[in-house]
Amino acid sequence: MTDHVDRILDQWATQRPDLDVSPMAVLGRIKRFARVAEAELARTFAAHGLDAASFDVLATLRRNPPPHRMTPTELMRDAMVTSGAITQRLDRLQDRGLVTRVRNDADGRGVHVSLTKAGKVLVDKALPDHLATEQRVLAALGTRDRDELARILRTLLESFD
């Protein structure tokens, strides 16, 4: 069975047999899979009135112990985005009543972001659907294959840290 990436590799083998194009086999499939997975997850988030960025913030706050509070810097680090991006996300979520920002009593300058009751309800409702979508997207792999793929990807990503 061949796929789109196999066809690309065959074309390169014909046109440039002097080059090793084997990395394209992995990276091309990772990119294609990421697009498919992101589209499936986007549909799930949209069903809950969310997008991936909003869900990420709400889920990050939710998985922290009560009172589900973090600083914007901590959220930025967990989400691996810029301070401008986290500010925009927080503005949108606060406008919807899903998070609050309160001054840090300890220094008066810093801010804590907290999940509101509505934010907690929403993320708790969306999370099972999110996980079901992830299960469905990975359904072609058995548990052993998923664990092995996760291990391999961890090793690959750690090589860049």
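Tutor: Let us begin with a definition: axes are lines fitted to C-alpha atoms, for helices over the stretch in contact, and angles run from 0 to 180 degrees between N-to-C directions. Helices (H or I, at least four residues) and strands (E, at least two) are DSSP runs, numbered from the N terminus. This is a predicted model, in which local features need pLDDT of at least 70 and side-chain atom pairs count only at pLDDT 80 or more, while totals for chains, interfaces and linings use all residues. Residues are numbered from 1 along each chain as its sequence is written, and side-chain values use heavy atoms, with hydrogens and water left out.

Student: What makes α4 and α5 roughly perpendicular?

Tutor: Helix α4 and helix α5 (residues 83-95) pack at an angle of about 110 degrees, with their axes 9 Å apart. Angles under 35 degrees count as roughly parallel, over 145 as roughly antiparallel, 65 to 115 as roughly perpendicular and the rest as oblique, so α4 is roughly perpendicular to α5. Contact means heavy atoms within 4.5 Å, and here P72, L75, M76 and A79 of α4 meet S83, I86, R89 and L90 of α5. These residues divide into six nonpolar, one polar and one charged, where Ala, Val, Leu, Ile, Met, Phe, Trp, Tyr, Cys and Pro count as nonpolar, Asp, Glu, Lys and Arg as charged, and the others, Gly among them, as polar.

Student: How are α2 and α6 described, as roughly parallel or roughly antiparallel?

Tutor: The angle between α2 and α6 is about 150 degrees, with their axes 9 Å apart, and therefore the two helices are roughly antiparallel to each other. The contact is made by F33, A37, E40, L41, T44 and F45 of α2 together with D129, H130, T133, E134, R136 and V137 of α6. Sorted by type, the residues of this contact are five nonpolar, three polar and four charged.

Student: Is H130 called buried or exposed, and how do you know?

Tutor: Buried means under 20% relative accessible area, exposed over 50%, and partly exposed in between (1.4 Å probe, protein chains only). H130, which is found in helix α6, has a relative accessible area of 10% and is therefore buried. Leaving aside its neighbours within four places in sequence, H130 is in contact with L41, T44, F45 and F55.

Student: What makes H48 buried?

Tutor: H48, in the loop between α2 (22-47) and α3 (52-62), has a relative accessible area of 12%, so H48 is buried. Not counting residues up to four places away in sequence, H48 touches R96, L122, K125, A126 and D129.

Student: How confident is the predictor in the chain?

Tutor: On the pLDDT scale, the predictor's confidence in each residue from 0 to 100, the chain averages 94, and 99% of the residues score at least 70. Confidence is lowest in helix α4 (residues 72-79), at a mean of 89, and highest in helix α6 (residues 117-137), at 98.
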